[in-house]
Amino acid sequence: MPKPKKLILDTAEHHPHHKQWMKMAKEVAETLGIELEVKKEDYEFAIQHGVTDELGMAGLPQIMVELEDGKIVPLLHEIPLDEKFQPDFEKGKQVILQKIEELSKQ
């Protein structure tokens, strides 16, 4: 499988956790040593490449990865919750890194 070329965050600045999504995406991109592209409210992109609901609509934020072959794969569209049902951004980073590792094994 091709290697990750860049991480893509499609976000909305009005989202209550926008800053945490930005921080998480920057940290993951730095860990992987790849570029981070930030798109703002690009719903068309999210619908085409991200996770959608049963009506075909995409929620934001979402993190995707573009591979060297140009394929874009969704990685995270919801933040995992901790035992107190609070967003766990560290767990979110782990999920992203695990999915990228799984992609590299395919």
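**Exercise 1.** Which residues does Glu37 touch, not counting residues up to four places away in sequence?

*Solution.* Begin with the kind of model: it is predicted, so local features need pLDDT of at least 70 and side-chain atom pairs count only at pLDDT 80 or more, while totals for chains, interfaces and linings use all residues. Residues are numbered from 1 along each chain as its sequence is written, and side-chain values use heavy atoms, with hydrogens and water left out.

Step 1. A contact means heavy atoms within 4.5 Å.
Step 2. By this rule, Glu37 touches Lys6, Leu7, Ile8 and Leu9, when residues up to four places away in sequence are not counted.

**Exercise 2.** State how many helices and strands the protein has, and give their order.

*Solution.* 
Step 1. Helices (H or I, at least four residues) and strands (E, at least two) are DSSP runs, numbered from the N terminus.
Step 2. There are three helices and four strands in the protein.
Step 3. Along the sequence, the pattern reads β-α-β-α-β-β-α.

**Exercise 3.** Compare the radius of gyration of the protein with that of a compact globule.

*Solution.* 
Step 1. The radius is taken over C-alpha atoms, and the globule rule is 2.2 Å times the number of residues to the power 0.38.
Step 2. For 106 residues, the rule gives a value near 13 Å; the protein has 13 Å, which agrees.
Step 3. The C-alpha atoms fill a box of roughly 35 × 30 × 25 Å along the principal axes.
Step 4. Of the contacts in the protein with a separation of 6 or more, 61% are between residues 24 or more positions apart.

**Exercise 4.** Describe the burial of residues and the largest nonpolar core.

*Solution.* 
Step 1. Buried means under 20% relative accessible area, exposed means over 50%, and partly exposed lies in between (1.4 Å probe, protein chains only).
Step 2. Buried residues make up 39% of the 106 residues.
Step 3. A nonpolar core is a set of buried Ala, Val, Leu, Ile, Met, Phe, Trp, Tyr and Cys residues joined through side-chain atoms within 4.5 Å.
Step 4. The largest such core has 21 residues, and Leu7 and Ile63 touch the most other members.
Step 5. Two or more residues of this core come from each of strand S1 (4–11), helix H1 (18–32), strand S3 (62–67), strand S4 (72–76) and helix H3 (89–105).
Step 6. H1 gives the most, with six residues.
Step 7. Leaving aside residues up to four places away in sequence, the contacts of Leu7 include Ala25, Val28, Ile63, Leu75 and Ile100.

**Exercise 5.** Find the two listed residues other than glycine with a positive phi, and find the cis peptide bond.

*Solution.* 
Step 1. Most residues other than glycine have a negative phi, and most peptide bonds are trans.
Step 2. Glu41 has a phi near 50 degrees. Glu41 is found in the loop between strand S2 (35–40) and H2. With a relative accessible area of 41%, Glu41 is partly exposed.
Step 3. Phe85 has a phi near 60 degrees. Phe85 is found in the loop between S4 and H3. Its relative accessibility is 66%, so Phe85 counts as exposed.
Step 4. The cis peptide bond joins Leu60 and Pro61, with omega about 0 degrees. Pro61 is found in the loop between helix H2 (43–49) and S3.

**Exercise 6.** Where is Thr52 found, and which residues does Thr52 touch?

*Solution.* 
Step 1. Thr52 is found in the loop between H2 and S3.
Step 2. At 36% relative accessibility, Thr52 counts as partly exposed.
Step 3. Thr52 touches Ala46, Ile47, Met57 and Ala58, residues up to four places away in sequence not being counted.
Step 4. Thr52 and His77 are 25 residues apart along the chain, and their C-alpha atoms are separated by 9.3 Å.
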